[in-house]
Amino acid sequence: MKVTISPAPHIKSQQTTKKIMLSVFSALLPTGLWGIYKFGIHAGYVILTSIASCVLFEYISQKFIFKTKVKISDGSAALTGLLMAYCLPPNISLWQVCIGSFFAIFITKECFGGIGFNIFNPALVGRAVLLASFPSAMTKWQIDGITSATPLGILKEKLTGSLPSYTDLFIGNIPGSIGEVSKILLILGALYLFRRKIISWHIPITYILTVAVLSIPFKQDPIFQLLSGGLILGAFFMATDYVTSPLFVKGKIIFGFGCGLLTVLIRNLGSYPEGVCYSILIMNILVPLIDRCTKPRIFGRKR
């Protein structure tokens with residue numbers, strides 16, 4: 001009998017990094033087109049600049065700084081750029097977008113060893129850096145040429161403006177970041193990823209249910225909390241990042257619960273009206289510990 005010894009992984013799949021990135025990219029395209037339609041052509045420039053600068057920074061990092069194999073064709077840098085752009089206000093300056101791309105790709109991804117080795121979600125780090133560096137530019141929202149606060153901002157600051165209806169929230173007829181306003185298009189994109197088995201329900205559903213349930217003790221409208229801000233985008237497309245989320249089912253549920261808990265606490269007790277970005281980044285830190293505690297028992301061993 002011939003015995004072949006080979007390194008892991010021993011179970012091969014038809015899925016490749018390039019195919020997964022292309023599927024997620026395709027699922028996100030409709031909501032980006034909606035953002036350009038609602039906020040104007042500058043939103044399109046923001047998206048293109050973010051994608052192009054992320055790919056460029058990855059190429060420079062791999063080719064000239066770390067001198068590793070150039071992997072820009074796998075689409076991960078382009079997807080990072082797309083996701084970061086979706087978290088940005090539509091009127092942000094393009095040079096500021098490039099700074100966010102630098103931190104997302106060079107600092108968060110390549111300095112840790114490239115794809116598969118980063119601890120934090122690169123797109124969210126890019127957004128967090130821009131929010132800390134340019135708070136004024138990151139909190140200016142326009143829709144139909146009129147500057148106004150986001151629904152969560154109106155609620156947080158107790159402004160006199162009327163809150164949008166559920167329909168406007170669901171369709172995306174509200175101020176907000178480029179790719180997070182249209183919940184219906186994001187949900188349709190998520191259903192496409194479920195069908196392709198790119199993501200599982202454990203993290204996003206646990207995340208969303210946690211926010212809905214914990215909003216009640218704070219006397220918040222659960223439906224309004226679900227349809228406002230970047231919760232749907234974060235739950236389905238960022239918290240489910242393969243590299244920065246837990247490996248096992250129990251861990252995924254714990255991770256989703258933690259994201260939901262932190263989002264509710266930040267929204268209600270923190271200074272910012274939105275809490276999705278920081279809640280996911282904080283939970284990213286805990287992923288190694290969650291994986292260690294939820295690792296399945298090896299057959300034949302007690303622990």
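First, the source. This is a predicted model, in which local features need pLDDT of at least 70 and side-chain atom pairs count only at pLDDT 80 or more, while totals for chains, interfaces and linings use all residues. Residues are numbered from 1 along each chain as its sequence is written, and side-chain values use heavy atoms, with hydrogens and water left out.

Let me start with H1. Helices here are DSSP runs of H or I of at least four residues, numbered from the N terminus. Helix H1 covers residues 17-39, which is 23 residues. From its first C-alpha to its last, H1 reaches 32 Å, close to the 33 Å expected at 1.5 Å a residue; the expected span is 1.5 Å times one less than the number of residues. Where does H1 bend? The bend, of about 35 degrees, is at Leu29, and a proline, Pro30, follows within four residues. By bend I mean the angle between axes fitted to the seven residues ending at a position and the seven starting there.

Several residues of H1 are buried, among them Ile20, Met21, Val24, Leu28 and Phe39. Buried means under 20% relative accessible area, exposed means over 50%, and partly exposed lies in between, with a 1.4 Å probe and protein chains only. After H1 comes Gly40, whose phi is positive, near 105 degrees.

I turn now to H3. The buried residues of H3 include Ser76, Leu79, Leu82 and Tyr86. They pack against H1, helix H2 (41-65), helix H4 (94-107), helix H5 (122-133) and helix H12 (231-238).

H3 and H4 pack at an angle of about 130 degrees, with their axes 11 Å apart. Axes are lines fitted to C-alpha atoms, for helices over the stretch in contact, and angles run from 0 to 180 degrees between N-to-C directions. That angle makes H3 oblique to H4; under 35 degrees counts as roughly parallel, over 145 as roughly antiparallel, 65 to 115 as roughly perpendicular, and the rest as oblique. The H3 and H4 crossing is right-handed: a crossing is right-handed if the near helix is turned clockwise from the far one by less than a right angle, and left-handed if anticlockwise. On the H3 side, the contact is made by Ala77, Thr80 and Met84, and on the H4 side by Val97, Gly100, Ser101, Ala104 and Ile105. Contact means heavy atoms within 4.5 Å.

H3 and H5 pack at an angle of about 40 degrees, with axes 8 Å apart. H3 is thus oblique to H5, and their crossing is right-handed. Thr80, Leu83 and Met84 of H3 meet Pro122, Ala123, Gly126 and Arg127 of H5 in this contact.

Pro122, which lies in H5, counts as buried at 8% relative accessibility. Pro122 and Thr80 are 42 residues apart in sequence, yet 6.7 Å apart in space, C-alpha to C-alpha. Leaving aside neighbours within four places in sequence, Pro122 is in contact with Thr80, Ala104, Thr108 and Lys109.

Next, H10, residues 202-215. Its 14 residues should span 20 Å at 1.5 Å a residue, and its end C-alpha atoms are 20 Å apart, which agrees. H10 is mostly covered, with 10 of its 14 residues buried, including His202, Tyr207 and Val211. Among the elements that cover the buried residues of H10 are helix H9 (183-195), helix H13 (249-269) and helix H14 (276-294).

Within H14 lies Met283, buried at a relative accessible area of 5%. Leaving aside neighbours within four places in sequence, Met283 is in contact with Ile254, Phe255, Gly258, Cys259, Leu262 and Ile290.

Finally, the two lysines. Most residues other than glycine have a negative phi. Lys67, in the loop between H2 and H3, has a positive phi near 50 degrees. Is Lys67 buried or exposed? Lys67 is exposed, with a relative accessible area of 65%. Lys197, in the loop between H9 and H10, has a positive phi near 60 degrees and counts as exposed at 73% relative accessibility.
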